[in-house]
Amino acid sequence: MICLDDVSLHVGAFRLEGIHLLIPSGEYGVLMGKTGAGKTSLLEAIIGFKSTTAGSITLSGRDVTRENPALRGIGYLPQDGALFSTMTVEENLAFALRVRKVEKKRIVARVKDLAELMGIGHLLSRRTHGLSGGERQRVALGRALAFEPSILCLDEPLSALDAETREQILQLLVTIHKMKGVTTLHVTHDLGEAATLADRLFRLVDGKVEMLDTA
Amino acid sequence: MSEWSGSKRGIERYETRASRITLANRVFIVSFMLIGLTYLMLIFGMLMADVLYVFEQSLGKARNSSHFWASLISANPIAVSLRDPKIQYSIWLSMISCTLAAIGSVAFAVPLGYVLSRIPFRGRNLVDAFLDIPIVLPPLIVGLSLLILFQFAPFKWAARSIVYQVPAVILAQWAVSCAYAVRTMKMTFDQINPRCEQVAISLGCTRFQAFAWVTFPEAKLGLLTAFTLAWARSLGEFGPLLIFAGATRMKTEVLSTSVFLEMNVGNIEGAVAVSLLMIFTSIVVLMITRWASNRTADEKASV
């Protein structure tokens, strides 16, 4: 569950005030809004990169408002994937597990499963330089899911992709959500994306979040 | 013909104008290239003058000798300088002091460059500008300021073992070269996507782990550039050394002070020979720096 209760945040001259947002466990929430509306800032506040000035953020029943982002247990997929370029695809996928000092044998098995799920088994030994946009997002999504987070935050994951790749990744997101049932907040400005994915649809307008009808 | 095509005379005038534009463009490009070429010729001329001078001297000595080739090899100013124990000491001290100054520079430049690039705080721009002071300050002033600094506690307690001693050479070189290394490291961290570090933190890393495992490995070519720049800057340092470390033969003499000392005793050949050694070293450093910069650019382009 993702619950924002009366959250406010200031980023320079930019302000979001009294934000309320609720995504129940296992549901897929999509947050829409124009460019510059503050979608990414709100997402970063949930992940913990930006501090809030008021209100509380509750994730899976735990108040994380003042908690370090490393402890929030959120799988995060930024727009550009932000892959670790000095590592191979395999090392990228294993990163969160290495941080958690998981046994090597279990890491290998988990990475294999993830690679199969994401359709990137043939890329494991490759460096991230030269991967296509779609491949990069698959690796980044796999990396975010590696430690089985209870929350997934996706920041415009499809916006830099061509139409065909976009459709493939969109279907991958649908499949993964059905399989894993991770509570997800997906930020986008694309209505088609929102219509395909959203259990709950929100719109950020003039610093306020409105809930829209998904029917 | 559209209504905007104009009359026949208009088209002729346009064609004349088109050829004029082509000519004007060519004149513009050629004149800019010529201006640039003038400066390039000056650099090339300076380097070649040193080489020709040494070659002329070598040839002159070889002609007067009964063994032409042996004399050309063994009696040329570079070989003579390399055999001189004072120059040997100067080369040795230069290598050691420049390397230590460069290591010291990157050791400070990495954290400082990172803080300036990544951590927002009040007065960051002021600190950033402050770091340019060693770059823009006249070199003699840097040396004098170091000398004065060591008049005050706690520095004065160590003054006897530092000022006019070998540590002063390293300290003076480091004081200036560190500023160049900080600039380079800040630029390097600026070019690395901060999002990667954020992702690493969201995956469970502390800030230090995110830096050590994600950002620092990406900065390795920038680190090499910072090290080589600091090394080259240290090698060329002269003013601060003269004031703070002195120019004592076989004690605080490095290659730049050797050139000065050889000139002072009227040994122009020796001075030019040492200069050529420094030029060669600088070119090697420049090549390493360019290679590292190009590789960084290639890696960025392929992402």
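Two residues are in contact if their C-beta atoms, placed from the backbone, lie within 7 Å. The views below show a predicted model.

**View 1. The side of chain B that touches chain A.** In this predicted model, 19 residues of chain A are in contact with 18 residues of chain B. Three helices of chain B each give two or more residues to this side: H10 (194-202), H11 (207-218) and H15 (268-302). H10(B) supplies the largest share, six residues. Sorted by class, the side of chain B that touches chain A holds eight nonpolar residues, seven polar residues and three charged residues.

**View 2. The two domains of chain B.** Domain 1 of chain B covers residues 1-65, and domain 2 of chain B covers residues 76-302. Their C-alpha centres are 36 Å apart. Where the two domains meet, domain 1 of chain B contributes seven residues to the contact and domain 2 of chain B contributes nine. The side of domain 1 that touches domain 2 in chain B is made up of four nonpolar residues, two polar residues and one charged residue.

View 3. Helix H14 of chain B spans residues 255-264. Seven of its ten residues are buried, so the helix is largely enclosed by the rest of the structure. A residue counts as buried if 20 or more other C-beta atoms lie within 10 Å of its own. The buried residues of H14(B) include the run B:Leu255, B:Ser256, B:Thr257, B:Ser258 and B:Val259. B:Leu261 and B:Glu262 of H14(B) are buried as well. Just after H14(B), the backbone at B:Gly266 has a positive phi of about 80 degrees.

**View 4. The packing of helices H2 and H3 of chain A.** Two packed helices are described by the angle between their axes and the distance between the axes. Helix H2 (residues 89-99) of chain A packs with helix H3 (residues 104-118) of chain A at an angle of about 130 degrees, and the axes are 10 Å apart.

**View 5. The residues between H2 and H3 of chain A.** On H2(A), the contact is made by A:Glu90, A:Leu93, A:Ala94, A:Leu97 and A:Arg98. On H3(A), the contact is made by A:Ile107, A:Arg110, A:Val111, A:Leu114 and A:Ala115. An α-helix has 3.6 residues a turn, so residues three or four places apart point the same way. By class, the contact of H2(A) with H3(A) has seven nonpolar residues, three charged residues and no polar residues.

Key: Residues are numbered from 1 along each chain as its sequence is written. Chains are lettered from A and ligands numbered from 1 in the order in which they are written. This is a predicted model: local features need pLDDT of at least 70, side-chain atom pairs count only at pLDDT 80 or more; totals for chains, interfaces and linings use all residues. Helices (H or I, at least four residues) and strands (E, at least two) are DSSP runs, numbered from the N terminus. Ala, Val, Leu, Ile, Met, Phe, Trp, Tyr, Cys and Pro count as nonpolar, Asp, Glu, Lys and Arg as charged, and the others, Gly among them, as polar. A residue is buried if 20 or more other C-beta atoms lie within 10 Å of its own, exposed if 12 or fewer, and partly exposed in between; C-beta atoms are placed from the backbone. Axes are lines fitted to C-alpha atoms, for helices over the stretch in contact, and angles run from 0 to 180 degrees between N-to-C directions. Domain bounds come from an automatic or database domain assignment.
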